[in-house]
Amino acid sequence: QFAGDNFTRVSGDAVKLAETQLFAWDATEKSATTEMHPQANPTQVELLKKKFQDKSAELKAQKKRKVLDKYGGQEYLDGSGGLATVDEAKAPQDLE
């Protein structure tokens, strides 16, 4: 039975290509000076996308550090930066 070919649109490099296209459109819209075209100059778009993602991750980590420095709470986070689960957190001892 033929399942259709739409499954190929959400697998492999098709998703990365769509994300790159959206990034190029958004970047072109926000900066009127430069027009990016991922098919005509894919290297430029990929480098700018990587630079943008690196800067975004750096700003997010910097914001997290500022909040933790100001308010504390590092002890409630697990190693990956998220909240610790109940099993990982220290449960209070039952008083007998």
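**View 1. Residues lining the largest pocket.** Leu22, Phe23, Asp26, Ala27, Lys30, Ser31, Met36 and Phe52 form the lining of the largest pocket. A pocket is an open set of points on a 1 Å grid over the protein atoms alone, where a 1.4 Å probe fits, with protein on both sides within 12 Å along at least five of seven lines; lining residues have an atom within 4 Å of a point. The model is predicted: local features need pLDDT of at least 70 and side-chain atom pairs count only at pLDDT 80 or more, while totals for chains, interfaces and linings use all residues. Residues are numbered from 1 along each chain as its sequence is written, and side-chain values use heavy atoms, without hydrogens and water. The space in this pocket is about 190 Å³, a volume being the space filled by probe spheres set on the grid points, which are joined across faces, edges and corners. By class, the lining has 5 nonpolar residues, 1 polar and 2 charged. Here Ala, Val, Leu, Ile, Met, Phe, Trp, Tyr, Cys and Pro are nonpolar, Asp, Glu, Lys and Arg are charged, and the others, Gly among them, are polar. Helix H1 (residues 13-30) gives the largest share of the lining, 5 residues.

**View 2. Helix H1 and its two sides.** The protein chain has 2 helices and 0 strands; these are DSSP runs numbered from the N terminus, helices being H or I with at least four residues and strands E with at least two. H1 has 18 residues and spans 26 Å from first to last C-alpha, close to the 26 Å expected at 1.5 Å a residue; the expected span is 1.5 Å times one less than the number of residues. Its buried residues are Thr20, Gln21, Phe23, Ala24 and Ala27. They lie on the same side of H1 because they cover an arc of only 160° around the axis, taken from the directions from the helix axis to the C-beta atoms. Trp25, Glu29 and Lys30, on the other side of H1, are exposed. Buried means under 20% relative accessible area and exposed over 50%, with partly exposed in between (1.4 Å probe, protein chains only). The buried residues of H1 pack against helix H2 (42-71).

View 3. Thr20 is buried, with a relative accessible area of 5%. Leaving aside neighbours within four places in sequence, Thr20 is in contact (heavy atoms within 4.5 Å) with Pro38, Val45, Glu46 and Lys49. Gln21 counts as buried because its relative accessibility is 16%. With the neighbours within four places again left aside, Gln21 is in contact with Pro38 and Gln39.
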